[in-house]
Amino acid sequence: MRTYGGGAYGLREREGIRDRARQYALLPLRIFLGATFVYAGLDKLTDGAFLSAAGPGSIGEQMAAVRDSAAIPGLVDLGLKSPEGFGYALAIGELLVGLGTLAGLRARVAALGGALISLSLWLTVSWQISPYYYGNDLIYLMAWLPLVLAGASCWSLDALTGRRRRPRT
């Protein structure tokens with residue numbers, strides 16, 4: 001609620017339902033993306049096969065399989081230099097992005113990290129999917145962009161710390 005000095009009794013102006021809806025509009029997207037990236041990171045970290053350089057289901061095998069069809073094969077080549085290291089970096093990155101997004105801690109930075117992960121996966125793993133809208137990495141990239149632009153305005157550590165820094169009037 002906001003107050004204004006209209007009248008002897010300090011009347012309060014009620015927020016309309018539209019203002020409230022705008023304030024919370026990105027919260028469902030933030031929860032979905034945050035939970036999805038936490039799950040994806042944990043899934044990779046707990047899958048012994050994924051974090052191997054070779055073998056069925058390994059990050060190395062997956063990268064080798066998409067190398068020739070990727071939009072930027074150099075990105076795949078970079079990961080193939082150390083598949084285990086790349087797998088751990090990807091999993092930890094997804095986990096940190098997800099936790100930051102859920103908590104609303106440095107929300108724009110976390111969303112940018114999520115967008116960059118999604119962009120790199122789209123340009124490598126899902127590039128060959130046709131038609132393009134069947135690939136989920138492009139959709140995730142587009143879903144991260146509103147959070148990159150707007151951040152986390154409610155139910156977030158960013159909003160909480162922002163309120164503490166502002167002087168009360």
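The following conversation goes through a predicted model of one protein chain.

Biologist: What should I know about the model before we start?

Modeller: This is a predicted model, in which local features need pLDDT of at least 70 and side-chain atom pairs count only at pLDDT 80 or more, while totals for chains, interfaces and linings use all residues. Residues are numbered from 1 along each chain as its sequence is written, and side-chain values use heavy atoms, with hydrogens and water left out.

Biologist: How many helices and strands are there in the protein chain?

Modeller: The protein chain has eight helices and two strands. Along the sequence the pattern reads β-β-α-α-α-α-α-α-α-α. Helices (H or I, at least four residues) and strands (E, at least two) are DSSP runs, numbered from the N terminus.

Biologist: And what share of the residues is buried?

Modeller: Of the 169 residues in the protein chain, 34% are buried. Buried means under 20% relative accessible area, exposed means over 50%, and partly exposed lies in between (1.4 Å probe, protein chains only).

Biologist: What is the accessible surface of the protein chain?

Modeller: The accessible surface comes to about 10700 Å², and 63% of that belongs to carbon and sulfur atoms. Accessible areas come from the Shrake-Rupley method with a 1.4 Å probe; for residues, only the protein chains shown count as cover.

Biologist: Let us go inside. Which residues have the most contacts inside the largest nonpolar core?

Modeller: They are Leu-33, Phe-37, Phe-50, Val-97, Ile-117, Trp-144 and Leu-147, in a core of 22 residues. Two or more core residues come from each of α2 (27-45), α3 (59-66), α5 (83-103), α6 (107-124) and α7 (136-150). A nonpolar core is a set of buried Ala, Val, Leu, Ile, Met, Phe, Trp, Tyr and Cys residues joined through side-chain atoms within 4.5 Å.

Biologist: Take Trp-144. Is Trp-144 buried or exposed?

Modeller: Trp-144, which is found in helix α7, is buried because its relative accessible area is 0%. Beyond its neighbours within four places in sequence, Trp-144 is in contact with residues including Leu-33, Phe-37, Val-97 and Ala-110. Contact means heavy atoms within 4.5 Å.

Biologist: New topic. How many salt bridges does the structure hold?

Modeller: The structure holds four salt bridges. A salt bridge is a side-chain nitrogen of Lys or Arg within 4 Å of a carboxyl oxygen of Asp or Glu. One of them joins Glu-94 to Lys-44, with the closest N and O atoms 3.0 Å apart. This pair links distant parts of the chain, since Glu-94 is in helix α5 and Lys-44 in helix α2, 50 residues apart. Both Glu-94 and Lys-44 are buried.

Biologist: Which residues are linked in a network of salt bridges?

Modeller: Arg-67, Asp-68 and Asp-77 are linked in such a network. Asp-68 pairs with Arg-67 at 3.4 Å between the closest N and O atoms, and Asp-77 meets Arg-67 at 2.8 Å, N to O. Asp-77 is in helix α4 (residues 73-80), and Arg-67 is in the loop between α3 and α4, ten residues apart.

Biologist: Why does Asp-68 count as exposed?

Modeller: Asp-68 counts as exposed because its relative accessible area is 69%. Arg-67, at 26%, is partly exposed, and so is Asp-77, at 29%.
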